[in-house]
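Dear colleague,

Please find the structure below for your review. My notes on it follow directly after.

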Amino acid sequence: MKKFILTLVMFVCGIMLFSAPQIGKTSDIKFNYRATGSAAWEKVYVIAVIYPQMPFSVRTGELLSDLKQQYKDKNVDFYALLPIDNGKLQAFARKHSAFDITLASDVDLKFLRKLLGRKQESFFQTSIFNYAGKLLWCGEPVDLDMMLKRITNKQYSEREEVRFAALTSSLQAALRSGNAKLIGEAADEILRLRPEQISAVNAKAYSLELTGDFTGLAKFYQNRIKRYPAEKGSYFTLINAACRIPQLNGFAPATAEEFIKKFPGDINNVNAVLWSLLNELPYDANAFKVVLKWEKLLSAVAEKSASPQILMTRSLLASRCGRIAEAIKLCEKAIQNAPTAEAGKFPENFLEYLKAIPQDKQ
C-alpha cells in the first residue's frame, strides 16, 4: 500500500521551491474557540506528523510544500509536527531545506493527541481543523488536496464526512487483514461514492497487485485515465507499476507519451516520467525512443531552468547516447545547482562514473 502512495507523492510534487522551512512552536497554532459562523472558517489549519526516521513519512513534507503554494490565497496554514526535540528539529530542517512549511517540535506528540482527543498510538498522518478548533477531517496525505478543495470551495459537509470516516475505517481494517478481496470491496465502496479519494484508488490497485491480477491493474488505471484525464496520479502510478512489473513493461512508454502530450507544460513531472523510463527500463527500446523524442523539450526548458533534476536526466540520456563529454558538463552543472550537499551526492557519484569511462570510449 505504501509503495503506491509514495509513488504518487514523489511524482505529484514535481515542483519544489528551494526555500528554508520555518521553525515554529506548537503554541503558534492558535484557535479562536469562540468563533462561530463565517468567523470559524476564516482560517484552516493542516497539521501533519512527520517521523524523521521513516523516508516515506518525510516525503509528506514535499507534498505539504506543494499544497502550500496551491492554497496560498485560501488562508490555509500548514504545520508539520515532529516527535523530536528542538535540537534534532534544527538538524532536520537543515537537511530538508526545500520544505516550504512550518516545522514544530512535539515530543511524544502530546500536543497533537490533545487536539485530537485521543490517547491511542495509531492515528492518521494528517488532520484539518477550522479556526474554531473543530476537527474537520483526518486521513492520508494523498487525500489532502481533495479535502482542501471541498473545504475552500464551501462544499464541506459534516454529515457526509462522518459517513466517509466509517467507510475509511472499514478500508483500514481490510488493509490490516491483508485480505485482497476485502480490501478491493472496501475500496470499491468508497470509489462508488467518492471516485476522487486517492487513498481508495491506491487500495484498489494494491488489492489487484496482491492477487497477481496485473492485467486488471493496468485496465483499472487506464479506465481512470480515460474517465479522469486531468488526474495526473493515474498516469504516474501506472508508469511506476509498469516499470516494476515485467508483465506490464509495455505499458510504460505509451503511458508516458500520453502524459507528456497531455501536459507538455508540466516540465518537472515530464522530466520525472522521462527519468523513470531511462532509469527503470534502461534496455527497453520503446522507452528509449520516447525519451529521445522528447529530448528537445527538456533541452529547451533547460536553457531557462537551472533545475538539477532536469540536468541529470539530460546527462543520463547523453551518456546513453555516447555523448560523454556533454554528459559530464551537464552533471557538473547539476552539482553546482544542487540546493544542499545531500542533494549533490548522487550527481557527484554519477560524475565519477562518467569520468571513469576510458577516453577512447568518449
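Rings of Phe, Tyr and Trp (its six-membered ring) are paired if their centres lie within 6.5 Å, with planes under 30 degrees apart counted as stacked, over 60 as edge-to-face and the rest as tilted. By this rule the count is 14 aromatic pairs.

The rings of Tyr45 and Tyr79 have centres 6.2 Å apart and planes at 45°, so this pair is tilted. Both Tyr45 and Tyr79 are buried (under 20% relative accessible area; exposed is over 50%, partly exposed in between; 1.4 Å probe, protein chains only). Trp275 and Phe346 form an edge-to-face pair, because their planes meet at 85° with ring centres 5.9 Å apart. Trp275 is partly exposed at 22% relative accessibility, and Phe346 is partly exposed at 44%. Phe31, Tyr33, Tyr45, Tyr79 and Phe129 form one aromatic cluster.

This is a predicted model, in which local features need pLDDT of at least 70 and side-chain atom pairs count only at pLDDT 80 or more, while totals for chains, interfaces and linings use all residues. Residues are numbered from 1 along each chain as its sequence is written, and side-chain values use heavy atoms, leaving out hydrogens and water.

The protein chain averages a pLDDT (the predictor's confidence in each residue, from 0 to 100) of 89, and 91% of the residues score at least 70. Over residues 1-18, pLDDT stays under 50. Where pLDDT is low, the predicted coordinates should not be read in detail.

Leu278 is buried at 2% relative accessibility, and its C-alpha atom is separated by 7.4 Å from that of Leu317, 39 residues apart along the chain.

Yours sincerely

How values were computed: Contact means heavy atoms within 4.5 Å.
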